[in-house]
Amino acid sequence: PARPPLPGDSARTQALATSPGWPGLLHRSALLAIEARRLGADRDNARALHAAADMLGRSPRRIDVALESVWGISSSADRVAVPSPDGAGLNVLNLTDGTTLATIPVKAVKWGAMFSPGGKYLIVASESSLSAWEPRAGTAPSELWSLPVTIEEIITPLRMPAVFDRNEKTVAVIDGKAVLLLDVATGKRLRRFENPAPVSQVTFSGDSRRLAWSSGTAASIFTMSTASTIRVEHPDEISWLAIDDRGTRVATSRARHVEVWDATTGESLAKVDALPGSDDVEYILMTRFDETGSRLGVTGEEGSGQQFSLSPVVKLFDLLTPSSWVPSPDAHHLGFESNGAIEVWDLALAQPIVRLIHKSDSEAQAFAYDADNRRLAVFDEKSVWIYDMAPGTEASRWRLEGLKAEALSRDGALLVGALDERGEKAALNRPRRVF
């Protein structure tokens with residue numbers, strides 16, 4: 001969520017920090033990345049990233065939670081469900097004050113725990129049942145209802161067996177080949193939708209006006225106000241389903257093909273062939289519309305990313321080495337390698353400001369900026385490249401193997417690097433580089 005402006009923020013930073021959509025999201029993600037890196041985040045624990053969020057949005061606070069123990073996180077990121085220390089149930093932690101809000105007496109959690117949008121309700125998915133709870137401070141949690149269901153092995157943390165509408169009034173759950181629409185508070189069944197194949201995914205549009213689900217090669221869209229359902233057929237079994245915030249477009253995908261549909265008529269609007277072809281084929285993991293429904297983002301199983309404009313279909317950019325993306329020190333710019341070039345994006349404008357042709361046979365592994373974003377250092381396995389970003393030209397280059405950590409001085413005049421033992425001797429035999 002957008003953080004409030006902090007003392008010392010520039011007008012630009014304040015605008016970015018509170019702006020909706022992709023620019024603000026990227027800006028806040030960049031800030032988190034900077035703080036997490038400064039705090040020394042490790043891969044097995046969430047404490048550094050959470051502490052970074054605390055530092056950006058409120059007074060510093062730290063809660064240690066092993067990532068493999070997290071069963072659910074609320075959409076506002078202020079609550080998390082984790083196993084209780086004695087293993088007797090789930091603890092719902094309030095991340096704003098570090099307290100345990102409630103302990104849910106459910107032991108056999110298998111598929112996860114799903115918070116409602118406002119965090120009022122929690123649905124726990126065990127192997128063959130769903131149970132609904134209302135965790136509240138100061139009172140023992142009571143089970144609102146429990147329902148036996150059939151849950152297939154295709155359920156993943158990205159694709160859960162239950163989704164809430166935005167008003168926390170109804171919840172849609174998967175039960176084998178059926179989708180059930182239930183009253184959240186009572187569990188009363190409002191509707192049941194039968195399908196010819198097991199249901200793999202269910203999702204509400206952002207405004208909750210429409211409910212969509214996939215079953216085999218078919219995707220169904222139910223309009224809440226008219227109680228009407230339309231069905232579209234993807235060429236192959238659907239692996240991921242997305243619906244835009246306004247409930248006007250639906251995307252179905254399989255392998256490296258995406259088809260976009262009109263959610264009101266079922267008309268096919270666009271066909272998108274995503275992700276690059278290679279010997280090591282990467283398939284689509286998920287897709288997502290932007291807030292207007294006019295752009296579609298595609299994420300691959302290995303982390304590659306692409307974004308497309310849909311009217312007409314135009315590929316806007318690739319992000320093929322996401323492990324290499326790095327924000328600038330002020331979090332106003334983002335640099336990454338893309339198809340043999342280095343792109344630097346202005347996050348406020350959500351567009352590239354410079355594209356640098358990177359003539360190297362090795363993948364970029366790290367970036368470093370000077371304080372004014374005038375120079376960019378790019379490091380690969382064997383070399384260091386320095387670029388002047390205003391003209392977009394190479395300023396300096398030299399071979400230097402074994403670099404493990406690096407930084408540019410604030411004025412861009414000096415490069416500091418840490419070398420491993422393999423590169424230490426070679427570095428000592430070289431003159432000092434000042435540029």
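Two strands pair if DSSP finds at least two bridges between them, and strands (E, at least two residues) are DSSP runs numbered from the N terminus. This is a predicted model, in which local features need pLDDT of at least 70 and side-chain atom pairs count only at pLDDT 80 or more, while totals for chains, interfaces and linings use all residues. Residues are numbered from 1 along each chain as its sequence is written, and side-chain values use heavy atoms, with hydrogens and water left out.

Q: Which residue in β7 stands opposite V124?
A: Strand β6 covers residues 122-126 and runs antiparallel to β7, residues 129-133, with four bridges joining them. Opposite V124, the residue in β7 is S131.

Q: Which strands stand at the edges of the open sheet?
A: The open sheet has four strands in the order β5-β6-β7-β8, paired antiparallel. Each edge strand has a single partner, so one side of it is left without a neighbour in the sheet. The edge strands are β5 (109-115) and β8 (143-148).

Q: How many residues has the largest nonpolar core?
A: A nonpolar core is a set of buried Ala, Val, Leu, Ile, Met, Phe, Trp, Tyr and Cys residues joined through side-chain atoms within 4.5 Å. Among the residues with the most contacts inside the largest one are M114, I123 and L130. Its number of residues is 18.

Q: Is S239 buried or exposed?
A: S239 lies in the loop between β16 (228-233) and β17 (240-243). Buried means under 20% relative accessible area, exposed over 50%, and partly exposed in between (1.4 Å probe, protein chains only). At 18% relative accessibility, S239 counts as buried.
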